[in-house]
Amino acid sequence: MFEKSILVTGGAGFIGANFVSHFAKSYPHYRIIDLDALTYAAHSAVFELQAQMDNVVPVRGNICDAALIRQLLRQYAITGVIHFAAESHVDNSIANPLIFVETNVNGTANLLNECLNYWQEINCMESARFHHISTDEVYGSLGAEGFFTEETPYAPNSPYSASKASSDLLVRAYTHTYGLNTTISNCSNNYGPWQHSEKFIPTIIRKCLAHEPIPVYGKGLNIRDWLWVGDHCQAIDLIFHKGKVGESYNVGGHNERTNLQIVDTVCNVLNELRPWSGHDYNELLSFVNDRPGHDFRYAIDPSKISKELGWTSQTTFEQGIRQTVQWYLQ
Ligand SMILES: NC(=O)c1ccc[n+]([C@@H]2O[C@H](COP(=O)([O-])OP(=O)(O)OC[C@H]3O[C@@H](n4cnc5c(N)ncnc54)[C@H](O)[C@@H]3O)[C@@H](O)[C@H]2O)c1
């Protein structure tokens, strides 16, 4: 018998796959329903692995499908939601913004609405929690100095970050208007196993192994604050269980790197683990035209989650990137 049922959305994508694996092992008394539309970004192999776990039920479906959400909430008596499902690639949002509005804004609104109706109906508005996974990109771009805190005003610059900012505001409104028990986490760039090959670090590895040019935007000087996905999963676990209602928590590991530094680190690990006779993978570095509206720098101040919930990142970039490269090589 399970103590409770939790709906995870987007658990066949990068962070969701790592999270479901962590959560299922840490809480064998929870039943986890993983709802994922299995878009191009998902891994069907993850669904197959989850189907073999005793406490995970993978379900293929869309977060915009109100009837399906209504049915799942009741069928499994779900009293917790951890919401990852999203369109997540900035370049795709520039090429095709409307699907980002549909999934990230309408999909989130639909989930919030169905949870509100069900949790009011079964009288568990205080105990049932909706945790929303968001991004530091909602805050816009930093110059060379400073950090994003939870008080930084939202200033999203891409259709992706605008759609995530909109979904955060809907989550906030459902707490303030209806008393829904929500929390939000705004995390910096993640890296680790199961990340889609279109994203920056998997692209570097893929191009190196194919001996093809590694595309780097502009001069490669844009800065991101990189976090090991397992550390992000720990933070979500803590916020879901112990975060305060209606609060947002910034999650980051004080690990700022330029894109050039990322290429150099990945190439050096590959030079060691998969030597390329007579060559250094860094030779493949190739600059391409910059992304339109490319944010210069993101950096998170994680003091709130550290002070209030005792979270800090545990994995150094050197450890994490080595594990990531090893995983892709396998
Ligand atoms: N990757 C990062 O560095 C990062 C950083 C901060 C926050 N986030 C946020 O974390 C969440 C997960 O990111 P990710 O990198 O794992 O994304 P991802 O693109 O790898 O995975 C997204 C998953 O959502 C599913 N999905 C998409 N549309 C759906 C729909 N309409 N219904 C049901 N499922 C749907 C996809 O099939 C996929 O499995 C997103 O909300 C993203 O905004 C990501």
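In the predicted model, an oxygen atom of the ligand lies 3.0 Å from a polar backbone atom of F14. The ligand taken alone exposes 830 Å², of which the protein buries 96%. In total, 28 residues surround the ligand, and the closest are I15, D36, S88, Y160 and K164.

The largest nonpolar core comprises 27 residues, within which L35, I78, W119, F130 and L180 have the most contacts. At least two residues of this core come from each of β2 (30–36), α3 (66–75), β4 (78–83), α5 (97–121) and α6 (159–178). The largest share, six residues, is that of α5. Beyond residues up to four places away in sequence, W119 touches I78, T79, G80, V81, C124, M125, A128, R129, F130 and L180. Another core, of 21 residues, lies apart from it and includes I201, C267, Y281 and V325.

Helix α8 (residues 229–242) has 14 residues and spans 20 Å from its first C-alpha to its last, close to the 20 Å expected at 1.5 Å a residue. Because ten of these 14 residues are buried, α8 is largely enclosed by the rest of the structure. The buried positions are V229, D231, H232, C233, A235, I236, D237, L238, I239 and F240.

Technical notes: Residues numbered from 1 in each chain as written. Predicted model: local features only at pLDDT ≥ 70, side-chain atom pairs only at ≥ 80, totals over all residues. Heavy atoms only, no water. Helix = DSSP H or I, 4+ residues; strand = E, 2+ residues; numbered from the N terminus. Expected span 1.5 Å × (residues − 1). Buried < 20%, exposed > 50% of the residue type's maximum accessible area, 1.4 Å probe, protein only. Core = buried A, V, L, I, M, F, W, Y, C linked by side-chain atoms within 4.5 Å. Contact = heavy atoms within 4.5 Å. Near = heavy atom within 4 Å. Polar contact = N/O pair within 3.5 Å; in protein donor to acceptor, adjacent residues only side chain to side chain. Areas by Shrake-Rupley, 256 points an atom, 1.4 Å probe, with all protein chains shown as cover.
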